Structure formats: C-alpha cells, structure tokens
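Welcome! Here is a short tour for anyone meeting this structure for the first time. Please keep the view open while you read.

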Amino acid sequence: MDLASRKKGKLLTASGINALNSETTEQISSLLSEKNPAKGTVVELDLSESGEITASGIAGLLRLYDSMQKIGVQIQVSSISKNLASVFRLLRLTRFFDIR
C-alpha cells in the first residue's frame with residue numbers, strides 16, 4: 001500500500017488497497033499518522049484494486065473517519081466497484097465518505 005501527496009500536500013492518495021479489512025484500515029491509519037495531514041487535507045482512498053470489505057474493515061473506516069474529522073481532514077473514496085458502492089449505499093456509509 002502506498003500513500004502519496006499531490007497538489008501541494010492538500011491531497012493524499014492511498015492506493016494498492018486489495019481488501020478493506022482491519023489490517024488494511026490499520027495500515028492506512030498508520031500511514032496517515034506518519035504524514036500528519038493538516039486541516040483541509042483530502043484523503044483519497046483508491047479502491048480500484050479492492051473487491052471486498054469485511055465488517056472489521058467497515059469499523060476501521062468509521063474509526064478512521066472519526067479521527068480524521070476531529071482534525072479537519074476529509075476522506076473520499078475513488079475507483080470503487082459497483083459491488084462495493086452497493087455496500088456503501090446499503091450501509092449508508094455515503095453519509096461519511098464522498099464517493100468518486
């Protein structure tokens with residue numbers, strides 16, 4: 001998994017996410033802690049390589065959302081499959097995550 005900065009540090013993109021589970025959400029959280037994103041930063045989770053999400057992955061995403069919201073960082077999800085988009089809509093995760 002990789003976390004790259006773009007647009008003068010205001011966009012952080014996490015790519016290479018194979019599955020959304022507790023392990024990957026912890027990795028994303030650790031990478032973000034290292035980058036220490038500033039208020040107004042957008043974190044983009046590129047899910048083009050991800051085909052599944054587990055209950056622990058959903059819980060991890062919500063913890064990540066909560067911690068990022070406290071410091072003024074927005075999370076968006078990109079390149080999401082139709083199946084994952086359906087899960088996000090069914091669980092009403094679209095209230096928390098901007099899907100692109």
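**A first look around**

Let's begin with Gly72, which sits in the loop that joins helix 2 and strand 4. Please keep in mind that this is a predicted model.

**Gly72 and its surroundings**

- Gly72 has a relative accessible area of 29%, so it counts as partly exposed.
- Setting aside residues up to four places away in sequence, Gly72 touches Lys39, Gly40 and Thr41.
- Between Gly72 and Ala19 there are 26 Å in space, C-alpha to C-alpha, and the two are 53 residues apart in sequence.

**How helix 1 and helix 2 pack**

- Two packed helices are described by the angle between their axes and by the distance between those axes.
- For helix 1 (residues 22-35) and helix 2 (residues 55-70), the angle is about 20° and the axes lie 7 Å apart.
- Angles under 35 degrees count as roughly parallel, so helix 1 is roughly parallel to helix 2.
- The crossing of helix 1 with helix 2 is right-handed.
- On the helix 1 side, the contact is made by Ser22, Thr25, Ile28, Ser29 and Leu32.
- On the helix 2 side, the contact is made by Ser56, Gly57, Gly60, Leu61, Leu64 and Met68.
- Sorted by type, the residues of this contact between helix 1 and helix 2 are five nonpolar, six polar and no charged.

**The two sides of helix 3**

- Within helix 3 (residues 82-90), the residues Leu84, Ala85 and Phe88 are buried.
- Looking down the axis of helix 3, you would find its buried residues within an arc of 105°, so they line one face of the helix.
- These buried residues of helix 3 pack against helix 2, strand 4 (74-78) and strand 5 (98-99).
- Lys82, Asn83, Arg89 and Leu90 are exposed on the other side of helix 3.

**Two loop residues with positive phi**

- Ser79 is found in the loop between strand 4 and helix 3.
- Phi of Ser79 is near 55°, which is a positive value in a residue other than glycine.
- Ser79 has a relative accessibility of 39%, so it counts as partly exposed.
- Arg92 follows helix 3 and belongs to the loop between helix 3 and strand 5.
- Arg92 is a residue other than glycine with a positive phi, near 60°.

**Val43, a buried strand residue**

- Val43 is part of strand 3 (residues 42-46).
- With a relative accessible area of 0%, Val43 is buried.
- Not counting residues up to four places away in sequence, Val43 touches Leu12, Leu32, Val73, Gln74, Ile75 and Gln76.
- Val43 and Leu90 are separated by 47 residues in sequence and by 23 Å in space, C-alpha to C-alpha.

**Ser48, in a loop**

- You can find Ser48 in the loop between strand 3 and helix 2.
- Ser48 is partly exposed, at a relative accessible area of 47%.
- Apart from its neighbours within four places in sequence, Ser48 is in contact with Ser78 and Ser79.
- Ser48 and Pro37 are 11 residues apart along the chain, and their C-alpha atoms are separated by 23 Å.

Conventions
Residues are numbered from 1 along each chain as its sequence is written. This is a predicted model: local features need pLDDT of at least 70, side-chain atom pairs count only at pLDDT 80 or more; totals for chains, interfaces and linings use all residues. Side-chain values use heavy atoms; hydrogens and water are left out. Axes are lines fitted to C-alpha atoms, for helices over the stretch in contact, and angles run from 0 to 180 degrees between N-to-C directions. Helices (H or I, at least four residues) and strands (E, at least two) are DSSP runs, numbered from the N terminus. Angles under 35 degrees count as roughly parallel, over 145 as roughly antiparallel, 65 to 115 as roughly perpendicular and the rest as oblique. A crossing is left-handed if the near helix is turned anticlockwise from the far one by less than a right angle, and right-handed if clockwise. Contact means heavy atoms within 4.5 Å. Ala, Val, Leu, Ile, Met, Phe, Trp, Tyr, Cys and Pro count as nonpolar, Asp, Glu, Lys and Arg as charged, and the others, Gly among them, as polar. Buried means under 20% relative accessible area, exposed over 50%, partly exposed in between (1.4 Å probe, protein chains only). The arc is that of the directions from the helix axis to the C-beta atoms.
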